[in-house]
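Let's walk through a protein model together, one question at a time. Keep the picture open as you read.

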Amino acid sequence: VLYRGVVPATAASVVLRTVPFVGYSTATSVMRRHHVLEGTPLALAFVAGAFGGAMRGCLEAPFELVKTRQQLGATWSQRSLFIGMRSACLRTAAVIGTFWLVFEASAGWRALLPPLL
């Protein structure tokens, strides 16, 4: 028997793991189209990644607050949904921005690896 709540948790996981990639791709396309950070690919990667990370943080924070409060048997209100959102957005933006910075910086090394198939 699956535990209660596995379907919503799985759906949320899929969405929250997808959002940073969509944000990165969108921000990269827009910045390239407008020649923002042209000639500085690592800065572009960090800023676009931070944008995707901020998107995830803004979506994730309210759901995590409700989940945690429910696990503790505590109450929550619509006003409380924004508690911690700023720190969640900034933290996730920094982490995802750094991920994309490292990913782009390691492109030369990754090209030296043999193909998986």
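Before we start, a contact here means heavy atoms within 4.5 Å. Also keep in mind that this is a predicted model.

Q: What share of the contacts with a separation of 6 or more comes from residues 24 or more positions apart?
A: Take the contacts in the protein with a separation of 6 or more. Residues 24 or more positions apart account for a share of 66%.

Q: How many helices and strands does the protein have, and in what order do the elements run?
A: The protein has 4 helices and 0 strands. Reading from the N terminus on, you get α-α-α-α.

Q: Is the protein spread out or a compact globule?
A: For 117 residues, the globule rule gives 13 Å. The radius of gyration of the protein is 18 Å, well over that, so compared with a compact globule the protein is more spread out.

Q: How do the rings of Tyr-24 and Trp-100 pair?
A: Planes under 30 degrees apart count as stacked. The ring centres of Tyr-24 and Trp-100 are 3.8 Å apart and their planes are at 5 degrees, so this pair is stacked.

Q: How do the rings of Trp-100 and Phe-103 pair?
A: Trp-100 and Phe-103 are 3 residues apart in helix α3, so about one helical turn separates them. Planes over 60 degrees apart count as edge-to-face. With centres 5.3 Å apart and planes at 80 degrees, the pair of Trp-100 and Phe-103 is therefore edge-to-face.

Q: Is Phe-103 buried, partly exposed or exposed?
A: Buried means under 20% relative accessible area, and exposed means over 50%. Phe-103 has 32% relative accessibility, so Phe-103 counts as partly exposed.

Q: Which residue has its charged end over the ring of Phe-103?
A: Look for a charged end 3.7 Å from the centre of the Phe-103 ring. The residue sitting there is Arg-110.

Q: What arc do the buried residues of α3 cover around the axis?
A: The buried residues of α3 include Met-85, Ala-88, Ile-96 and Trp-100.

Note on methods: Residues are numbered from 1 along each chain as its sequence is written. This is a predicted model: local features need pLDDT of at least 70, side-chain atom pairs count only at pLDDT 80 or more; totals for chains, interfaces and linings use all residues. Side-chain values use heavy atoms; hydrogens and water are left out. Rings of Phe, Tyr and Trp (its six-membered ring) pair if their centres lie within 6.5 Å; planes under 30 degrees apart count as stacked, over 60 as edge-to-face and the rest as tilted. Helices (H or I, at least four residues) and strands (E, at least two) are DSSP runs, numbered from the N terminus. Buried means under 20% relative accessible area, exposed over 50%, partly exposed in between (1.4 Å probe, protein chains only). A charge sits over a ring if NZ of Lys or CZ of Arg is within 6 Å of the ring centre and within 35 degrees of the ring normal. The radius of gyration is taken over C-alpha atoms; the globule rule is 2.2 Å times the number of residues to the power 0.38.
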